[in-house]
Amino acid sequence: MSLYEITFLTKEESDPGVKTTIESVGGQITSENILGRRRLAYPIKHETQAVYTSYLFDIESPALVELRRQLDLQS
């Protein structure tokens, strides 16, 4: 297994299903870090602030393709 990191932005301090998606394709979360609410450099969909969350996780390299596909479907 290899160690990877994903960082994503949300409106609230809640996980939109990223953790469960990683675990559903065989990944294992090793570290979760909520970096807090930060001001964005420019508005995204009229939002000026977002909550940054970062996960470190172990996953087999072939499962990354499926993880990417699942995360693309969520957005």
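Is Phe 57 buried or exposed? Hello everyone, let's start there. Phe 57 has a relative accessibility of 3%, so it counts as buried; that word means under 20% relative accessible area, with exposed being over 50% and partly exposed in between, using a 1.4 Å probe and protein chains only.

A quick word on what you are looking at. This is a predicted model, where local features need pLDDT of at least 70 and side-chain atom pairs count only at pLDDT 80 or more, while totals for chains, interfaces and linings use all residues. Residues are numbered from 1 along each chain as its sequence is written, and side-chain values use heavy atoms, leaving out hydrogens and water.

Back to Phe 57, which sits in strand E3. Strands are DSSP runs of at least two residues, labelled E and numbered from the N terminus. Among the residues that Phe 57 touches are Leu 3, Tyr 4, Ile 22, Ile 29 and Leu 67, setting aside residues up to four places away in sequence; touching, or contact, means heavy atoms within 4.5 Å. Ser 31 is 26 residues from Phe 57 in sequence, and their C-alpha atoms are 6.9 Å apart.

Thr 53 is another residue of strand E3. Thr 53 is buried too, at 8% relative accessible area, and its contacts include Ile 6, Phe 8 and Asn 33.

Now for the aromatic rings. The whole structure has two aromatic pairs, meaning rings of Phe, Tyr or Trp (its six-membered ring) with centres within 6.5 Å; planes under 30 degrees apart are stacked, over 60 edge-to-face, and the rest tilted. Take Phe 8 and Tyr 55: their ring centres are 5.6 Å apart and their planes meet at 55°, so this pair is tilted. Phe 8 lies in strand E1 and Tyr 55 in strand E3, 47 residues apart, so to speak a link between distant parts of the chain. Phe 8 is buried at 12%, and Tyr 55 is buried at 2%.

Finally, where is there open space? The second largest pocket holds about 170 Å³. A pocket here is an open set of points on a 1 Å grid where a 1.4 Å probe fits, with protein on both sides within 12 Å along at least five of seven lines, and lining residues have an atom within 4 Å of a point. Strands E1 (2-10), E2 (28-44) and E3 (47-59) each give at least two residues to its lining, and E3 has the largest share, with three.

Terms used
Grid points are joined across faces, edges and corners, and a volume is the space filled by probe spheres set on the points. Helices (H or I, at least four residues) and strands (E, at least two) are DSSP runs, numbered from the N terminus.
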